[in-house]
Amino acid sequence: MDEPLAVALKFGFLAVLYLFLLWVARSAMKDLSRGGDTATAAGPVEPPGPRRRGSSVPNLRAGVSPQLVVVAAKGYEPGASWDIGTGAMMGRSDGAEIRVEDPFASSAHARIFSRGDFMHVEDMGSTNGTYLNGHKLRTPERLKLGDVIRIGDSEYRYQE
């Protein structure tokens, strides 16, 4: 093979290799900045419009009593629970309705609130984040029966 042709093929191969590596890095950065799709991870999304009769979706106005139950948390026995029907603030501060005695918890770490007929959880800009079923909260998320909220090493289960 001619030497100029061999050099051109080597440079062409290197260019294609670098373009491939840039494509992989760009794709990885796009996935990281997106933070994961919580809608698909949390399960099927309910279609808009009126709810069907016999639906298993709870209605807070129909006498459902939402509770947060300790799975594992410092200072509480597993099974301890709080009524959160009116909402609750979770954190290390004395003013929090649910005190979280965890070194990774912020003073006002997360809040649970009702919106319409459903309870939601929202991270309040905490340093270490709030996790719902293993996924870091970026926006308020609707709570469903059996969902697990984790703050540091403390875990709580949502029940009705």
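Predicted model: local features only at pLDDT ≥ 70, side-chain atom pairs only at ≥ 80, totals over all residues.

Trainee: What does the secondary structure of the chain come to, and in which order do the elements run?

Mentor: The chain has two helices and eleven strands. Read from the N terminus, the order is α-α-β-β-β-β-β-β-β-β-β-β-β.

Trainee: How should I read a sheet in general, and what is the order of the six strands in the open sheet?

Mentor: Strands of a sheet pair through backbone hydrogen bonds, either parallel or antiparallel. Here, six strands form an open sheet in the order 2-1-11-10-7-8, and their pairing is antiparallel. Strand 2 (81–83) and strand 8 (135–136) are the edge strands, each pairing on one side only.

Trainee: How many bridges does strand 1 form with strand 2, and how many with strand 11?

Mentor: Strand 1 (residues 67–72) pairs with strand 2 over three bridges, in the antiparallel sense. Gln67 has Asp83 as its bridge partner in strand 2, and Val69 stands opposite Ser81 in strand 2. With strand 11, strand 1 pairs in the antiparallel sense over five bridges; there Leu68 stands opposite Tyr158.

Trainee: In what order do the strands of the five-stranded open sheet stand, and what is the pairing?

Mentor: The order is 4-3-5-6-9, and the pairing is mixed. Strand 4 (98–99) and strand 9 (141–142) each have a single partner strand, so one side of each is left without a neighbour in the sheet. Met90 has Ile98 as its bridge partner in strand 4, and Met89 has Arg111 as its bridge partner in strand 5.

Trainee: Which residues have the most contacts inside the largest nonpolar core?

Mentor: In soluble globular proteins, nonpolar side chains tend to be buried together. In this chain, 28% of the 160 residues are buried. The largest nonpolar core has 21 residues, and those with the most contacts inside it are Leu68, Ile84, Met90, Ile112, Leu143 and Tyr156. At least two residues of this core come from each of strand 1, strand 3 (88–91), strand 5 (110–115), strand 6 (118–123), strand 10 (148–151) and strand 11 (154–159). Leaving aside residues up to four places away in sequence, Met90 touches several residues, among them Leu68, Ile98, Ile112, Ile151 and Tyr156.

Trainee: Which residues make the nonpolar surface patch, and is Tyr18 buried or exposed?

Mentor: The patch covers about 1000 Å² and is made by Val7, Phe11, Phe13, Leu14, Leu17, Tyr18, Phe20, Leu21, Trp23 and Val24. Tyr18 belongs to helix 1 (residues 3–34). The cut-off for exposed is over 50% relative accessible area; Tyr18 counts as exposed because its relative accessibility is 52%.

Trainee: How many salt bridges does a search of the whole structure find?

Mentor: A salt bridge brings a side-chain nitrogen of Lys or Arg within 4 Å of a carboxyl oxygen of Asp or Glu. The search finds three. Arg111 and Glu122 form one of them, with their closest N and O atoms 2.7 Å apart. This pair links distant parts of the chain, since Arg111 is in strand 5 and Glu122 in strand 6, eleven residues apart. Salt bridges that share partners also join Asp94, Arg99 and Glu101 into one network. Within it, Asp94 and Arg99 meet at 2.5 Å, N to O, and Glu101 and Arg99 have their closest N and O atoms 2.4 Å apart. Asp94 is exposed, at 74% relative accessible area, while Arg99 is partly exposed, at 22%.

Trainee: Where does Asn133 lie, and what is its phi value near?

Mentor: Asn133 lies in the loop between strand 7 (131–132) and strand 8. Its phi is near 55°, a positive value in a residue other than glycine. Asn133 is partly exposed, with a relative accessible area of 40%.

Technical notes:
Residues numbered from 1 in each chain as written. Heavy atoms only, no water. Helix = DSSP H or I, 4+ residues; strand = E, 2+ residues; numbered from the N terminus. Buried < 20%, exposed > 50% of the residue type's maximum accessible area, 1.4 Å probe, protein only. Patch = residues over 30% accessible without salt bridge, like charges linked within 9 Å, V, L, I, M, F, W, Y side chains within 5 Å. Areas by Shrake-Rupley, 256 points an atom, 1.4 Å probe, with all protein chains shown as cover. Pairing = 2+ DSSP bridges. Core = buried A, V, L, I, M, F, W, Y, C linked by side-chain atoms within 4.5 Å. Contact = heavy atoms within 4.5 Å.
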